Amino acid sequence: MVDRVYLRSLPSFQADLEELERAFAQLETATDWNRLRVQPLLRHVRNLEEVLDSDRFAREQARLPRGVAMFHSDLVYLRENLRELKKTLEREARATAERA
């Protein structure tokens, strides 16, 4: 179950991170959230997708269920970061609006 969820989740994580990257780029903030969190997370997701799609690791697809705990930890890590980044974006957007 987690293996299928994992494979389906990576593209949506990437899309969410790309949207966050665009949104943070429009704000003037003291912290560069794109360089600090969004871009490293995007690289992580893209790397995972690249590895899973490569010929070198094609047979790993068949063994995903054996590594469920590791894949689950990736899902939790990415979901938590996305959740917190969305909250941060809301706070930063409010602060920017108040300064304007």
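Me: Why is the contact between the side chains of E80 and R83 called a salt bridge?
Reply: In this predicted model, the N to O distance between the E80 and R83 side chains is 2.2 Å. The cut-off is a Lys or Arg nitrogen within 4 Å of an Asp or Glu carboxyl oxygen, so the pair qualifies.

Me: Where do E80 and R83 lie?
Reply: Both are in helix 3, three residues apart, which is about one turn of the helix.

Me: What makes E80 partly exposed?
Reply: Its relative accessibility is 36%. Buried requires under 20% and exposed over 50%, so E80 falls in between. R83, at 40%, is partly exposed too.

Me: How do you know that E84 forms a salt bridge with K87?
Reply: The closest N and O atoms of E84 and K87 are 3.4 Å apart, and the limit is 4 Å, so the label holds. E84 and K87 also both lie in helix 3, with a spacing of three residues.

Me: Why is the pair K86 and D16 said to tie together parts that are 70 residues apart in sequence?
Reply: The side chains of K86 and D16 meet in a salt bridge at 3.8 Å, N to O. K86 belongs to helix 3 (residues 68–99) and D16 to helix 1 (residues 2–25), so the bridge links parts 70 residues apart in sequence.

Me: Are K86 and D16 buried, partly exposed or exposed?
Reply: K86 has a relative accessible area of 38% and D16 one of 30%. Both values lie between the 20% and 50% cut-offs, so each residue is partly exposed.

Me: How many salt bridges does the structure hold?
Reply: Five; the pairs discussed here are among them.

Note on methods. Residues numbered from 1 in each chain as written. Predicted model: local features only at pLDDT ≥ 70, side-chain atom pairs only at ≥ 80, totals over all residues. Heavy atoms only, no water. Helix = DSSP H or I, 4+ residues; strand = E, 2+ residues; numbered from the N terminus. Buried < 20%, exposed > 50% of the residue type's maximum accessible area, 1.4 Å probe, protein only.
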